[in-house]
Amino acid sequence: QVQLVESGGGLAQPGGSLNLSCAASGSTFTVNVMGWFRQAPGKGREMVATMKYNKPVNYTDSVKGRFTISRGNAEHTVWLQMNDLRPENTAVYYCNAQTQDGEILISEYWGQGTQVTVSS
């Protein structure tokens with residue numbers, strides 16, 4: 001099992017910034033993909049950014065150039081720096097960790113979610 005703990009959500013004004021962090025613990029040696037997803041009110045959960053170790057980062061188009069995903073030296077801490085925030089970025093943001101064998105999903109874990117609200 002892998003446990004994920006997020007922090008860093010909150011309220012930001014349009015054009016502002018927030019930095020989310022996620023710390024993984026437990027059987028982290030099995031994890032080879034980490035990332036962030038979000039779910040806005042009344043919508044489904046969508047991918048925001050993912051990192052597969054030793055592969056290029058993947059971003060959803062609407063956040064490219066504004067959001068940056070990065071990981072710590074221990075590899076099982078991941079951050080999401082969000083700049084130039086917009087009201088449509090309001091959502092619950094979830095940390096995600098996966099074990100993949102090639103393109104096959106073997107296991108998947110979720111954090112509890114952290115609320116991000118962008119409003120003036």
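The following legends describe an overall view and several close-up views of a predicted model.

Residues are numbered from 1 along each chain as its sequence is written, and side-chain values use heavy atoms, with hydrogens and water left out. In this predicted model, local features need pLDDT of at least 70 and side-chain atom pairs count only at pLDDT 80 or more, whereas totals for chains, interfaces and linings use all residues.

**View 1. The protein as a whole has zero helices and 11 strands.** Helices (H or I, at least four residues) and strands (E, at least two) are DSSP runs, numbered from the N terminus. The C-alpha atoms fill a box of roughly 40 × 30 × 25 Å along the principal axes. The radius of gyration is 14 Å, which agrees with the value near 14 Å for a compact globule of 120 residues; this radius is taken over C-alpha atoms, and the globule rule is 2.2 Å times the number of residues to the power 0.38. Buried residues make up 45% of the 120 residues, where buried means under 20% relative accessible area (1.4 Å probe, protein chains only).

**View 2. Strand β9 (residues 91-101) and strand β10 (residues 104-110) form a hairpin.** The two strands run antiparallel and are joined by six bridges; strands pair if DSSP finds at least two bridges between them. In this pairing, Asn96 stands opposite Trp110, and Thr99 has Ser107 as its bridge partner. Two residues lie between the strands, and Gly102 in the turn has a positive phi of about 65°.

**View 3. Strand β9 also pairs with strand β4 (residues 33-39) and with strand β11 (residues 114-118).** Seven bridges join β4 to β9 in the antiparallel sense, with Val33 opposite Gln98. The pairing of β9 with β11 is likewise antiparallel, over three bridges, and Val92 has Gln115 of β11 as its bridge partner. Nine of the 11 residues of β9 are buried, so the strand is mostly covered.

**View 4. Cys95 is a buried residue of strand β9.** Cys95 counts as buried because its relative accessibility is 0%. Not counting residues up to four places away in sequence, Cys95 touches residues including Leu4, Cys22, Trp36, Val78 and Tyr109; contact means heavy atoms within 4.5 Å. The C-alpha atoms of Cys95 and Glu46 are separated by 12 Å, and these residues lie 49 residues apart along the chain.

Notes: Buried < 20%, exposed > 50% of the residue type's maximum accessible area, 1.4 Å probe, protein only.
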